Amino acid sequence: MQDRLGRYIETPAGGETVRAFVPPPLPPSPPIDLLRLLERLSLAERAIGRLDGITTLLPRQELFLYMYVRKEAVLSSQIEGTQSTLTDLLRFESEAQVGEPVDDIREVSNYVDALMYGLERLDSLPLSLRLVREMHSRLLQSGRGGTKNPGTFRRSQNWIGGSRPGNALFVPPPISELDRCLDEFERFLHEDESRLPALIKAGLLHVQFETIHPFLDGNGRIGRLLVTLYLCTQDVLRSPLLYLSLYLKTHRTEYYRLLQAVRERGDWEAWLEFFLDGVSETANQAFDAATRIVDLFKQDRDRIAAESDRPGSALRVHECLQQHPFATAAGLVAQTGLTTPTINAVLVELERLGIVAEVTGRKRGRVFGYPTYLGILSEGTDPLPAE
C-alpha cells in the first residue's frame, strides 16, 4: 500500500510552518480491489438504472429536475454551514418573500446557477478544469464568497478545520505543487486505460478533488457537483438526478473519517464501499420521491376534475403550483392569464380541497403553498444543528 500514500511538504502558512499533504496521482497503485466492491457496484448500477427508468415516465421530467436541483443546492450548501431551507429558496425564487434575500439564500441560489450552467456547458465543453473554474465563478459570484477569488485557483495556502494552519485537521497541497496535482487530476478525468467502472472513477475523482482543495472557498460544493457531471458525461445518468449531499450530510462524520483514511492509509476500498452505498441509497430515495410526486399530481388532478366548480381554471393553477410550489394571486394572474377574481375563487376552492394552504397568515400580500408536494421535496432538508 506504500505507493498509495502521499507525501508531506513543509510550507509556510499564516506565519508558521506546516506539513502540507500532496496526494499520489490516480488511479491508485496497487489497483482498486474491484472484487471486494462488486456486489455494492451492482446494486448501485441497478438503483441508477431504475431511477433513469422512472424519469422517462414522468409527465414533466424537466419539472422534477428543476426541483431536485434546488433540493441538492440547499443540502450541499447546508453542509458548508448555511441555514437556508428549501422553503426559503422556493419562496425567494417565486418572489413571494419580500425584501433582499439573506446571504444564505443567495449562496444557495448561486449553487443552482452554477449547476445548471455546468450541465448546459457540457454540450459545448468537456468536463475539465476550465469548466470547473467557470462553475466556481458562478457559485461565488455574490454573497459571502465574492471576496474568495471566484473562478480562480488559489494562490495562497489553505487548510481544513482548526483555528489556524498549525492546528488544522488537514492541510492541502502547497502552491508549489498545486498545478501539477491539478494537471494529473485532469489527465485521470479523461483517461480510459484504467478501464475502471464510471461509478468507481467518480468516487476516486471526488476524493482527489477534495484533497487538492484548489479554491479558497466552495471546494466541497464543486467536488459534489463533479460526481453528477462526470456520471452524465459517461452516460451512466441520462438525466442529472443523482445528488449525494443528503447522504453525505446524514453521514458527515463517517464521510470525513473516510476521506482521512484515504489520505493517511490509502484505504480507497473503504471509501468506495461508503460511496457506492450512498449512490444506491440516494438513487432509491429519488426513485421513491418521483413515484410519490407523480401519484400526488394525478390524485390532485382527479380531485379537481371531480369536485371543482371551475375545473379548467383550477387545473391551470395546479399546473403552475407544480412548477412553483409557492405563489401569490398576482403571480398566478400573470402566469395563467386568468382574472384576479377567478384566481382568488380558485385559491379558495383549492384550500377547501386541502391542495393549497395560505402560509403567511396575513390579509394582504398572501402567499399560497402546495404543502404535500413541498413535504415530499423537503424531506431531509432541515438545517444541520449548530456545532
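Visitor: Which residues of H11 and H12 meet?
Guide: In this predicted model, Phe297, Asp300, Arg301, Ile304 and Ala305 are the H11 residues that meet H12. On the H12 side, the partners are Pro311, Ala314, Leu315, His318 and Gln322.

Visitor: And by class, what's in that contact?
Guide: The contact of H11 with H12 has 6 nonpolar, 2 polar and 2 charged residues.

Visitor: How do the axes of H11 and H12 cross?
Guide: They come within 9 Å and cross at roughly 160 degrees. Angles over 145 degrees count as roughly antiparallel, and H11 and H12 are therefore roughly antiparallel to each other.

Visitor: Is that crossing left-handed or right-handed?
Guide: The crossing of H11 and H12 is right-handed. For orientation, H11 covers residues 268–307 and H12 covers residues 311–323.

Visitor: Which residues in H7 meet H8?
Guide: H7 brings Ala198, Leu199, Lys201, Ala202, Leu205, His206, Phe209 and Glu210 to the contact. Among the H8 residues they meet are Ile222, Leu226, Val227, Tyr230 and Leu231. By class, this contact of H7 with H8 has 10 nonpolar, 4 polar and 3 charged residues.

Visitor: Now salt bridges. How many does the structure hold?
Guide: The structure holds 22 salt bridges. One of them joins the side chains of Arg40 and Asp277, at 3.0 Å from N to O.

Visitor: Where do Arg40 and Asp277 lie?
Guide: Arg40 lies in helix H1, residues 34–57, and Asp277 in helix H11. The pair therefore ties together parts that are 237 residues apart in sequence.

Visitor: Why would two such side chains pair at all?
Guide: In general, side chains of opposite charge can pair when their charged atoms come close.

Visitor: Last topic, the strands. How do S1 and S2 run, parallel or antiparallel?
Guide: They run antiparallel, with 7 bridges joining S1, residues 7–13, to S2, residues 16–22. Across the pairing, Pro12 stands opposite Thr17 in S2.

Visitor: What sits between S1 and S2?
Guide: The two strands form a hairpin with 2 residues between them. Gly14 in the turn has a positive phi of about 60 degrees.

Visitor: And how are side chains arranged along a strand?
Guide: As a general point, the side chains of a regular strand alternate between the two faces of the sheet.

Terms used:
Residues numbered from 1 in each chain as written. Predicted model: local features only at pLDDT ≥ 70, side-chain atom pairs only at ≥ 80, totals over all residues. Heavy atoms only, no water. Pairing = 2+ DSSP bridges. Helix = DSSP H or I, 4+ residues; strand = E, 2+ residues; numbered from the N terminus. Contact = heavy atoms within 4.5 Å. Nonpolar A, V, L, I, M, F, W, Y, C, P; charged D, E, K, R; others polar. Axes fitted to C-alpha atoms, helices over the stretch in contact; angles between N-to-C directions. Parallel < 35°, antiparallel > 145°, perpendicular 65-115°, else oblique. Left-handed = near helix turned anticlockwise from the far one by under 90°. Salt bridge = Lys/Arg side-chain N within 4 Å of Asp/Glu carboxyl O.
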